[in-house]
Amino acid sequence: MLRYSPTSIHRLYSRLLLRKLLHVSRTLQWKFRDELKLNQPDLVDRISRLLVLRRFDALTKLSFSFSDELMDLVLRNLRLNPYASLEFFKLASKQQKFRPNVNSYCKIVHILSRARMHKEVRLYLNELVVLCKNNYTACAVWDELVRVYREFSFSPTVFDMILKVYAEKGMTKFALRVFDNMGKCGRVPSLRSCNSLLSNLVQNGETFRALLVYEQMIALGVLPDIFSYTIMVNAYCKEGRVDEALNFLKEVERSCCEPNVVTYNSLIDGYVSLGDVSGAKKVLELMSEKGIPENSITYTLLIKGYCKKGQMEQAEKLIGYMEEKNLFVDEHVYGVLMHAYCSAGRIDDALRIRDAMLKVGLKMNTVICNSLINGYCKLGHVKKAAELLVSMKDWNLRPDSYSYNTLLNGFCRQEDFNGAFKLCDEMYNKGVNLTVVTYNTLLKNFCHVGYVDHALQIWNLMRTKGVSPDEVSYCTILDAFFKVGAFDRAMMIWKDVLSKGFTKSTALYNTMICGFCKMGKLVQAQKIFLKMKELGCLPDEITYRTLIDGYCEVGDVVEALKWKDMAEREGISASTEMYNSLITGVFRSEELHKLVDLLAEMESRELSPNVVTYGSLIAGWCDKGMMDKAYNSYFEMIDKGIAPNIIIGSKIVSSLYRLGKINEASLIFHQMADTDPVVDHARSIKLPKSGSHHETQKIVDSFGEKATTIPMSNNIVYNVAITGLCKSKKVDDVRRILSDLLLRGFCPDNYTFCSLIHACSAAGKVNEAFCLRDDMIKAGLVPNIIVYNSLINGLCKSGNLDRARRLFHKLPRKGLSPTVVTYNTLIDGYCKAGRTIEAFKLKERMREEGISPSPVTYSTLIHGLYKGGESEQSVGLLNEMIKAGKDSSVMGPLVARVYIEWRNKQKTSKSPC
C-alpha cells in the first residue's frame, strides 16, 4: 500500500501546477503567433471558450476588432450562458470606437431575462430606450425584440419590462405600441406595468387614452387594484368629469374594493380644480361616513379650493381646525394661503400669515418668498420686493430664476428699465441663468410701451447668448411689429419661425392672421390661413374669430358670415364672442336689417348676450346718431343685471359730445368720475324732465348705482372728455382744457395725441396737427399709422395732395406700412381733385401690397369717375366690385344714378336722328 507523506503530497502538487503553467504558457505563445490566422468561426469559438472559462485577462490580450457581426455571432453562441454573455457585452461597451447596436441590446436583455437577472435587464432596457429618438427606431426596437424572442424561444418577460420602462420615462407613445402588440407574443401585461402606463398617461395629460387603456386592460383579464382605481379617478377629474369619477368610485365600492384616503383626495382635487368647494365638502362627508380618516393633504386641497374662490378667511379657519385635530400643518399649507392673499393684492394679510408660520417654528422657503415678491410687485411696491429678495440670504435661501423674473417684471411694469437691466446683471453675476422667460419678460414690456427698437435689441441679444426663442417670444415680437405697422420686419421674423420648425403652433398662426387683419391685409391673412391648413395645423375658434373680426372691421359682413359658416362646418360652434364681432360688422357695413336675424339666432342657440354684446350694440347706435336705440340697449343690459363698463360709458359720453349735447355728456361724465377739472360745472346742471333728457338722467342714476364696478384712471377719464370734445369739433375748447389738465399733472399718452391730431386735421388746422406730432415725439411717444392717417387726411382736405403723397412715401422709412384707411384717404383726395388716374394707380398698389380694396375704396373711385363724366367706367368698376363679393349697399343713391345715366346714354346713342 502506497503511503504519502505531507512532503510528498506537496511535491506532487507542485509538479502538477508547474505542468499546468507550462501548458498555459505554450497556449499563449501559440496565440501571439497564430491568432491573426483565425477565421471568423474559429475566432468566435475562441472568444466563447475564454468567456465560458472566465479567462477574461486572456480575452483582453486576444487581438481582434469588435463589430456588429461579431457581437451578433458571440451572443447567439453564448445565449444559454448569461454570465459569459454579460461579460462580453460589458467589454464591448467599454470600447472607444465601438458601441453595441439595437440588435445586440435586444439579444442581451432576452439572455439576461431568461436567467432572471432582472436588475441587469432593467439597466440595459433603460439604455436601449434612449436609442428610440424617433418612430422609426422605436419600431425597429420592437421588431428586433420580437425577432430575437422567436429565434431564441425564451420567455416574453422582456416585453412587460420594456413596457414599464417606456411608461416610467414618459415615452407613452412607444409604451402604447408595446401594450397593443404584446398579446401577439403570448404575453399579457402585468398589473404593475399597466398601472405605470396609466399613471404616466394621466400625468402627460393623455387622460382620454388612459381611459381606453383601462378598458383594454379589463378586457385582457388584468384585475385592477386600489392604485389602478385611484389613477382612474384622477383621470376622470383631470378631464373635468368629476361626477363620472364619483360614479366610478361607487362602482369600485360595489366590487368589494375599499377606496383609501388617496383615492378620495384625488376626487376632492377634481372638485377643487372646477372651483366646486361644496362638492369637495360632500366628498369629505362621504369619507367620514365610510370611516376613512382625513390627512393633511385632504385639508390642504380644501384650503386651495377656498383660496381659488377668494374665500381666504374660510381657508384660515381650516388651518386652525387642522391644528386642533393634530394634523401636520407645514410650510406648503401656509404657502397656499399666502399665495392667495398676494394674488388678491392683500399683502398685509400675507405677511400676517407669514409671521404666524414663523411663530410655530416653521421656516421660510423659496416658494413663499416668491409669492411675497409677486404680491409686492402687483401692488407696485417694487422696492420692497427687491428688499425681500436681498433678505432671502438671512433665511439661508437662494433666489431662483422665478424670484428674479418676477422682480424683473415688476421693474418693467413701472418702466424702470435701468433697474431691470441691473437686476439682469445681478442674475448673471450670481450664476442664475437668464432663461427664455427672462428675455420674454423684457420683450413683452418693451413692446407694451411701444419701444419696439429696444425690443428688437433684446431679441438679438437673446439669440447672441444662445437662448432659443419659444412660442411666446415669437408671438410677442410679431404682435409688436404689426402694432406699429412694421410689416417687413414681421415677415422677416415669420420666415425665421417657419425655418425653426414652429409649423404646428396655432398661437403663432393666429398672431400672424390677427396682425394682417388689423393692417387690413385680408388677402395675406387668408394666405396664412391656407398655409396653416397645408402644414397640418388645425385652426381653432380664435383663428376664425380673428378673420371674422378682420372682415367686420372693414365692413365686409357678407364675407365674415361665410367664415362663420366655414367654422361651423369644421365643427366649431359659433360663440357669443363671434356674434359680437358680427354685430360690429353689421353696423359698419350699413346692413342693419341683418341685426335682428343675428340677435334671434343667438337666442335660438341659447347664447346669452354679455357686456361686450351690449357694448357693440350701444356703440353701433351711437355711431349712427340714434341715441334713443342706444339708450334702449343700455337699459336692456341693466335690466339683465349686467353692469356697464368704462368703454360703454365713454362711448355714450363721447357720442353726446359729438352731437353737441354738452350738458348731458358732462352730467354722465361727472357721474363716472369722482372729481374732474373738465366738468366742474356739471354739479349745477339740471336737465329737463322730458324727452331724451329723462333717459339721460336714468343713465346717470344707473352709473351712480354701479359706480364701484367701473375702475377708472385719471388718464382714461380725461381722454374720454378730450375725445368727446374733439368729435364735437370744439378744438378751441380742447386746447383750453388741455392746458388746464397739463397744469394739474396730466401726461398725454398715445390716445390723447391721436385724438388731438385727428381733430386738428379734420378742422383743417394741419400745421397745428404737425406741431402736435412733433410734441408727441419730444414726449418719447412713437406716432403710429393712425396718427399719419389723420395727417394725410388733413393734407388731402386742405388740398395739399403733393405733400400728402410725400408723407405717404415716407411711411416705410418710419417703420410703418400703409393700411386700407391710408389708401382710401389718398384715393378720396385724388378723386375729389379730379385726378382719377393717380387714384387708380393707388388701387393697384394696394393689391400689390396684399391689401384688399374695401367697399369704401370702390365707392370713392366710382364717385370720382361719375363726377368726371366717365359713367361707363364707373359701371364697369361697379361690376368688378360685385364680382369681388363686395357689399354694394354702401353706395345708396349713387349706384342708381350711375346706372340710370348710363342707360339713358345708351338709349340716346341708339335713337334715330
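A contact means that heavy atoms lie within 4.5 Å. This is a predicted model, in which local features need pLDDT of at least 70 and side-chain atom pairs count only at pLDDT 80 or more, while totals for chains, interfaces and linings use all residues. Residues are numbered from 1 along each chain as its sequence is written, and side-chain values use heavy atoms, with hydrogens and water left out.

**Exercise 1.** Find where Ser575 is placed, and decide whether Ser575 is buried or exposed.

*Solution.* Begin with the helices, which are DSSP runs (H or I, at least four residues) numbered from the N terminus: Ser575 sits in the loop between helix H32 (557-569) and helix H33 (576-589). Next, take the relative accessible area of Ser575, which is 12%; buried means under 20%, exposed over 50%, and partly exposed in between (1.4 Å probe, protein chains only), so Ser575 is buried. Finally, leaving out residues up to four places away in sequence, Ser575 touches Glu541, Arg545 and Leu607.

**Exercise 2.** Describe the protein as a whole, stating how many helices and strands it has.

*Solution.* The protein has 50 helices and zero strands, where a strand would be a DSSP run of E with at least two residues. Of its 913 residues, 49% are buried.

**Exercise 3.** State which mean pLDDT the protein has, and examine residues 1-10.

*Solution.* The predictor's confidence in each residue, pLDDT, runs from 0 to 100; its mean for the protein is 81, and 83% of the residues reach 70 or more. Over residues 1-10, however, pLDDT stays under 50, and the model has one contact beyond four places in sequence for them. Residues 674-691 also have pLDDT below 50, and this stretch has 32 contacts in the model beyond near neighbours in sequence.
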